[in-house]
Amino acid sequence: MFYKVKSVIPLDNMVLQVNFEDGTKKIYDIKPLKERWQVFRDLENPSLFKLVKVDAGGYGVAWNKYIDLACNELWENGTPIQ
């Protein structure tokens, strides 16, 4: 099952607010990914981080052709907003 992304908002400190098509909103922290994958360190540049957009079809978010995250990663590891 896919939890499609409706919109994404870049927040301070490398955090995303992800809004899903079912109305669920979650916070997703990018910082832990920097320790595991070099490519995510590029997002320390605030200008690049703010370029995040929803992939076609809502199956994830992307910054460029090298940096992206799948919708299920965002859903499973995001923190729900009450």
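Serine 7 stands opposite asparagine 19 in strand 2. The model is predicted, so local features need pLDDT of at least 70 and side-chain atom pairs count only at pLDDT 80 or more, while totals for chains, interfaces and linings use all residues. Residues are numbered from 1 along each chain as its sequence is written, and side-chain values use heavy atoms, with hydrogens and water left out.

Strand 1 (residues 5–11) and strand 2 (residues 15–20) run antiparallel and are joined by six bridges. Strands here are DSSP runs of E with at least two residues, helices are runs of H or I with at least four, and both are numbered from the N terminus; two strands pair if DSSP finds at least two bridges between them. Three residues lie between the strands of this hairpin, in which asparagine 13 takes a positive phi near 65°.

Two bridges pair strand 4 with strand 5 (residues 60–62) in the antiparallel sense, and valine 54 has valine 61 in strand 5 as its bridge partner.

The aromatic pairs number five, a pair being rings of Phe, Tyr or Trp (its six-membered ring) with centres within 6.5 Å; planes under 30 degrees apart count as stacked, over 60 as edge-to-face and the rest as tilted. Tyrosine 3 and tryptophan 75 are stacked, at 4.0 Å centre to centre and 5° between the planes. This pair links distant parts of the chain, 72 residues apart: tyrosine 3 in the segment before strand 1 and tryptophan 75 in helix 3 (residues 71–77). Tyrosine 3 is partly exposed at 23% relative accessibility, whereas tryptophan 75 is buried at 18%; buried means under 20% relative accessible area, exposed over 50%, and partly exposed in between (1.4 Å probe, protein chains only). Ring pairs link Tyr3, Phe20 and Trp75 into a cluster.

Two salt bridges are counted, each a side-chain nitrogen of Lys or Arg within 4 Å of a carboxyl oxygen of Asp or Glu. In one, the closest N and O atoms of lysine 34 and glutamate 44 are 2.8 Å apart. This pair links distant parts of the chain, ten residues apart, with lysine 34 in helix 1 (residues 31–36) and glutamate 44 in the loop between helix 1 and helix 2 (46–49). Lysine 34 is buried at 13%, and glutamate 44 is partly exposed at 46%.
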